[in-house]
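Q: I am new to this structure and would like to learn how to read it. Could you walk me through some of its features?

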Amino acid sequence: MILVPTSSLQEGDRLGQHVYRSDGRLVLSRGAVLTANLISGLVRMNIDSVYIDNVRDNEAVPVSLMDSGLLRAAAVDVVRTVFAEVAGTGRFHSRPVIRLTDDMLRAIAKDGDVKLQMKEIRTEGNYLHAHSANVCVLSIMTARTLGYTEQHLRTVAIGALLHDIGYVAAQAVDARTDHPRIGFDLVRRHPDLPLLAAHVVLQHHEQLNGGGFPLGIRGEALRQSAQIVAIANDFDHFVNEIGQNRLPHEGIEYVMSKVDVSYEIAVVRAFVQSVAPYPIGTAVRLSNGMIGAVSELHKGHPSRPVIVTKDQGLRFDLLHFQTDFIEEVILDPRVLAG
């Protein structure tokens, strides 16, 4: 499954995920095959991008990216549903959250090398849902690197998926500062959800030096599970902020710059070990103008992968060409296929 700009859709593309208006109303259901009229309708409704699950002619989608795309799409669906419930009623059903996190843990346990495409297209309407899904997957991968048990992984996954649930609650006066407390209250009401998951929601903006919120706690008072989610949250906001062209490896450098100030080094190290900023198959544009796809990764040098160029199929190893670098992650799949 891949995220495609609406302007790049083709007749015959099949939706891999429901499409909703910004007010939450369903526009098209998962599985719908797009026609020219349907594509025009999406453009008129200012829907910037959609997920498709078909592979186009002359296009190869790496299995690892496909699998992580499916995980993320499922998470986006659940977050959208749960957040809509909270916005409408002040409550949510916990069963879909538990079922989703169990499915995600099984999938990641089966394929320990699942890699997430870090850069994606976002709009104001889908930002919070996509962000929550990314933070959940990144948090699971980090906690797994730290050796968490299955039960503890589930707790981290639930806390990560719901970390921003307080944003959509009606009682939020200042959502930016109120959402951790409100989210904590929403999650702790559910006896079938771990209480630690509620504390993850509460603490995901706290910092090691006491400079965070809402409690300003520091040091050992911080739960490591919350630190995991905080790092994933910071990274994803940095890389995918609307209107900014930031690269995944810059996001890793940003997180590393906050060691011993916001985050303990052991958690940051586990996060960096878990994240591939440019998974195999990522389409990129280099500073020398070349366009290609990542074909190999160098351990210890995540920002210097091997690129196979689109036009001539040249193998271009950035580890050996120090003056060249990745300038852009290309999110339109037709760039490599065309």
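This is a predicted model: local features need pLDDT of at least 70, side-chain atom pairs count only at pLDDT 80 or more; totals for chains, interfaces and linings use all residues.

Q: How do H4 and H10 lie relative to each other, and at what angle do their axes cross?

A: A pair of helices can be described by the distance between the axes and the angle at which they cross. Here the axes of H4 and H10 come within 8 Å and cross at roughly 115°. Angles of 65 to 115 degrees count as roughly perpendicular, so that is the word for H4 and H10. The crossing of these two helices is right-handed.

Q: Which residues make the contact between H8 and H10?

A: Let us take the geometry before the residues. Helix H8 covers residues 224-240 and helix H10 covers residues 265-274. They pack at an angle of about 50°, with their axes 10 Å apart, and are therefore oblique to each other. This crossing, too, has a hand: H8 and H10 cross in a right-handed way. From H8, the contact involves Gln 224, Gln 227, Ile 228, Ile 231, Ala 232 and Phe 235, while H10 brings Val 267, Val 268 and Phe 271.

Q: Which residues touch the most other members of the largest nonpolar core?

A: The general idea is that in soluble globular proteins, nonpolar side chains tend to be buried together. In this model the largest nonpolar core has 61 residues, and Leu 162, Ile 165 and Phe 235 touch the most other members. Take Phe 235: setting aside residues up to four places away in sequence, Phe 235 touches Met 118, Leu 138, Pro 248, Gly 251, Ile 252, Val 255, Phe 271 and Val 275. Apart from this core lies another, of eleven residues, with Leu 28, Ile 39, Leu 42 and Ile 47 among them.

Q: Why does the end-to-end distance of H3 agree with what a helix of its length should span?

A: You can check a helix by counting residues. Helix H3 has 16 residues, 95-110, and at 1.5 Å a residue it should span 22 Å. The C-alpha atoms at its ends are 23 Å apart, which agrees. As for burial, the buried residues in H3 are Val 97, Ile 98, Leu 100, Thr 101, Asp 102, Met 104, Leu 105 and Ile 108.

Q: What is the angle between H3 and H5?

A: H3 and helix H5 (residues 150-161) pack at about 125°, and their axes are 10 Å apart. That makes H3 and H5 oblique to each other, in a right-handed crossing. On the H3 side the contact is made by Val 97, Leu 100, Thr 101, Asp 102 and Leu 105, and on the H5 side by Glu 150, Leu 153, Arg 154, Ala 157, Ile 158 and Leu 161.

Q: Is Ser 132 buried or exposed?

A: The relative accessible area tells us, and under 20% means buried. Ser 132, in helix H4 (residues 127-145), has a value of 0%, so Ser 132 is buried. Leaving aside neighbours within four places in sequence, Ser 132 contacts Val 79, Phe 83, Ala 160, Leu 161, His 163 and Asp 164. Gln 203 in helix H7 also counts as buried, at 6% relative accessibility. Beyond four places in sequence, Gln 203 is in contact with Ile 217, Ala 221, Leu 222, Arg 223 and Ala 226.

Q: What about Val 272: what is its relative accessible area?

A: Val 272 is found in helix H10 and is partly exposed, with a relative accessible area of 26%. Not counting residues up to four places away in sequence, Val 272 touches Ile 252 and Met 256. Val 272 and Thr 145 are 127 residues apart in sequence, and their C-alpha atoms are 9.9 Å apart in space.

Q: Which residues does a cis peptide bond join, and where is Asp 260 found?

A: Most residues other than glycine have a negative phi, and most peptide bonds are trans. In this model a cis peptide bond joins Phe 213 and Pro 214, with omega about 10°. Pro 214 sits in the loop between helix H7 (195-203) and H8. Asp 260, in the loop between helix H9 (248-256) and H10, has a positive phi, near 70°. Asp 260 is exposed, with a relative accessible area of 56%.

Methods: Residues are numbered from 1 along each chain as its sequence is written. Side-chain values use heavy atoms; hydrogens and water are left out. Helices (H or I, at least four residues) and strands (E, at least two) are DSSP runs, numbered from the N terminus. The expected span of a helix is 1.5 Å times one less than its number of residues. Buried means under 20% relative accessible area, exposed over 50%, partly exposed in between (1.4 Å probe, protein chains only). A nonpolar core is a set of buried Ala, Val, Leu, Ile, Met, Phe, Trp, Tyr and Cys residues joined through side-chain atoms within 4.5 Å. Contact means heavy atoms within 4.5 Å. Axes are lines fitted to C-alpha atoms, for helices over the stretch in contact, and angles run from 0 to 180 degrees between N-to-C directions. Angles under 35 degrees count as roughly parallel, over 145 as roughly antiparallel, 65 to 115 as roughly perpendicular and the rest as oblique. A crossing is left-handed if the near helix is turned anticlockwise from the far one by less than a right angle, and right-handed if clockwise.
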